[in-house]
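Work through these exercises with the model open beside you. Try each task before reading its solution.

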Amino acid sequence: MARRLVGTLLAAIAALGVTTAPAQAAADFTGVVALDNCSGSVVRLPGSAPGDKALVLTNGHCVELMKAGQVIVDRTVTRNFKLLNGSGSDIATVKSSKLLYATMTGTDAALYQLTTTYQQLEQQYGSRALELSASRPVAGAEIRIVSGYWKRIYSCRIDGFVHQVREASWTWRDSLRYTPSCNTIGGTSGSPIIDNASGKVVGVNNTGNESGGRCTMNNPCEVDASGAITVRKGINYGQQTYGLVSCFGPGTTLNLSLPGCEVAKP
């Protein structure tokens with residue numbers, strides 16, 4: 001997985017002396033978390049209440065390299081996340097009680113439910129959640145991709161939407177393609193894609209074509225509606241998240257049978 005952190009990639013990054021991200025935006029890591037292998041963010045739904053258990057958004061492949069067609073729902077999972085403040089300093093370790101949803105089919109997303117509420121996060125740590133946008137983003141919009149693992153912010157625009165991004169056995173629909181300055185690296189998997197204008201999360205960073213390969217691991221390709229394949233070496237992608245909003249009822253309760261919920265189901 002192109003954005004998954006692995007030992008060989010770490011060694012390569014160190015050898016190249018990569019220490020900063022180009023086109024860095026003004027730092028704002030509020031609500032961002034670091035996993036042991038990825039990045040993520042504390043997110044809320046438009047209708048979330050202060051007493052609701054908080055959610056963490058990351059990639060499905062940050063849970064495990066799932067099989068095509070596999071969906072995990074409501075699994076008891078204890079996992080630690082390092083919570084950052086606005087300047088990128090670690091301020092707390094928060095824990096999940098369950099993995100509400102995870103898949104690498106159609107999208108590459110996972111949502112953990114924490115043991116703490118949004119109100120507790122604010123009162124105990126002075127932290128707030130990022131809001132998931134219920135609206136589809138637009139091409140050309142300025143975005144920032146905030147990595148809790150690397151404590152870096154990438155700034156660019158949405159270059160366009162891809163009918164399908166295909167990588168090895170996985171296919172993701174209606175993906176976001178970034179302009180080149182968001183040259184994300186391993187460990188940025190799961191980073192929130194934040195719309196600069198609204199401050200809301202519109203996607204989750206997940207992959208990029210590293211060496212020009214065609215539809216292979218670490219080298220995703222684009223597939224249009226007619227089946228034509230395009231390879232863009234060095235270009236990176238994310239998955240939209242507005243569709244997740246329709247899958248939740250009151251109290252951050254996942255309900256995959258709700259009208260408009262079109263994510264992959266078990």
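**Exercise 1.** Find the handedness of the disulfide of Cys156 and Cys182, and state which parts of the chain the pair ties together.

*Solution.* 
- Start with the torsion. About the S-S bond of Cys156 and Cys182 it is about -100°, so this disulfide is left-handed.
- Cys156 lies in strand β10 (residues 152–167), and Cys182 lies in the loop between β11 (170–178) and β12, so the pair ties together parts that are 26 residues apart in sequence. Strands here are DSSP runs of E of at least two residues, and helices are runs of H or I of at least four, numbered from the N terminus.
- Check the distance. The sulfur atoms of Cys156 and Cys182 are 2.1 Å apart. A disulfide is a pair of cysteine sulfur atoms within 2.5 Å.
- Check burial. Cys156 and Cys182 are both buried. Buried means under 20% relative accessible area, exposed over 50%, partly exposed in between (1.4 Å probe, protein chains only).

Before going on, note the basis: this is a predicted model, where local features need pLDDT of at least 70, side-chain atom pairs count only at pLDDT 80 or more, and totals for chains, interfaces and linings use all residues. Residues are numbered from 1 along each chain as its sequence is written, and side-chain values use heavy atoms, with hydrogens and water left out.

**Exercise 2.** Is the disulfide of Cys247 and Cys261 left-handed or right-handed?

*Solution.* 
- Cys247 is joined to Cys261, S to S 2.1 Å.
- The torsion about their S-S bond is about 100°, so the disulfide is right-handed.
- Cys247 sits in the loop between α3 (242–245) and β17 (248–249), while Cys261 sits in the segment after β18 (253–254), 14 residues apart.
- Cys247 counts as buried at 1% relative accessibility. Cys261 is buried too, at 8% relative accessible area.

**Exercise 3.** How many disulfides does the whole structure hold, and what is the pairing of the bonded cysteines in sequence order?

*Solution.* 
- The search of the whole structure finds 4.
- Number the bonded cysteines along the chain. The pairing reads 1-2, 3-4, 5-6, 7-8.
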